[in-house]
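Please keep the sequence and the coordinates open while going through it.

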Amino acid sequence: MGLLDYFEECLEVICECFRDIEQQVPAPSKVPFLDSFVFRYKEQKIEQCIVAKLVRVLTGVRAAIVLNRVGLFQEQAVQHRVLDELGEDIMFLGYGIHSGEITELHQEYLKAFFMEDFENAADPVGSRINR
């Protein structure tokens, strides 16, 4: 068994643990979008933001493993930078929960995180949202 095989095995265990964490926050709801739907967190809680970031960590680690397996080492390094940023975001948000003090900066972060990408989804090119 190679090191990447070991990482994949560990990742599966971590994904199972994540499922337990995921069950602790309200799930996203189906929201109408054009002639279909999207999933959105209606409550927009800090814990939901952390869960969404954790999902990105899990998929990012999986992506790094795949990139390594096919020899795309620079792309893997880029993925590690993304993982580092996600880790910092999670620690920042988690500290607010742990300290019991959700600051104005946390609130601004959450507002930006949950903001829709377009003010008019039917016209994404014409939509302007300042972030």
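1. The buried residues of α4 pack against α2 and α3, where contact means heavy atoms within 4.5 Å, and buried means under 20% relative accessible area, exposed over 50% and partly exposed in between, with a 1.4 Å probe and protein chains only. In helix α4, which covers residues 104-114, the buried residues are His-106, Leu-110 and Phe-114. Seen down the axis of α4, these buried residues fall within an arc of 55°, so they line one face of the helix; the arc is that of the directions from the helix axis to the C-beta atoms. An α-helix has 3.6 residues a turn, so residues three or four places apart point the same way. The face of α4 turned away from the buried side carries the exposed residues Glu-104, Leu-105 and Lys-111.

2. On provenance, this is a predicted model, in which local features need pLDDT of at least 70 and side-chain atom pairs count only at pLDDT 80 or more, whereas totals for chains, interfaces and linings use all residues. Residues are numbered from 1 along each chain as its sequence is written, and side-chain values use heavy atoms, with hydrogens and water left out.

3. As for the overall layout, the protein chain has four helices and two strands, in the order α-β-β-α-α-α along the sequence. Helices (H or I, at least four residues) and strands (E, at least two) are DSSP runs, numbered from the N terminus. The C-alpha trace spans about 50 × 40 × 25 Å along its principal axes, and 23% of the 131 residues count as buried. Among contacts with a separation of 6 or more, 50% are between residues 24 or more positions apart.

4. Helix α1 (residues 3-22) and helix α2 (residues 46-69) pack at an angle of about 165°, with their axes 11 Å apart; axes are lines fitted to C-alpha atoms, for helices over the stretch in contact, and angles run from 0 to 180 degrees between N-to-C directions. That makes α1 roughly antiparallel to α2, given that angles under 35 degrees count as roughly parallel, over 145 as roughly antiparallel, 65 to 115 as roughly perpendicular and the rest as oblique. The residues of this contact include Leu-4, Phe-7 and Leu-11 of α1 and Val-51, Leu-54 and Arg-62 of α2. By class, the contact of α1 with α2 divides into 13 nonpolar, one polar and six charged residues, where Ala, Val, Leu, Ile, Met, Phe, Trp, Tyr, Cys and Pro count as nonpolar, Asp, Glu, Lys and Arg as charged, and the others, Gly among them, as polar.

5. The pair α2 and α3 packs at an angle of about 160°, with axes 9 Å apart, and these two helices are therefore roughly antiparallel to each other. Their contact has 16 nonpolar, six polar and five charged residues.

6. Two single residues deserve a look. Asp-89 lies in helix α3 (residues 73-99) and, at 18% relative accessibility, counts as buried; leaving aside residues up to four places away in sequence, Asp-89 touches Lys-53 and Tyr-109. Lys-30, in strand β1 (residues 29-33), counts as exposed at 54% relative accessibility, and, with the sequence neighbours up to four places away again not counted, Lys-30 touches Phe-37, Val-38 and Phe-39.
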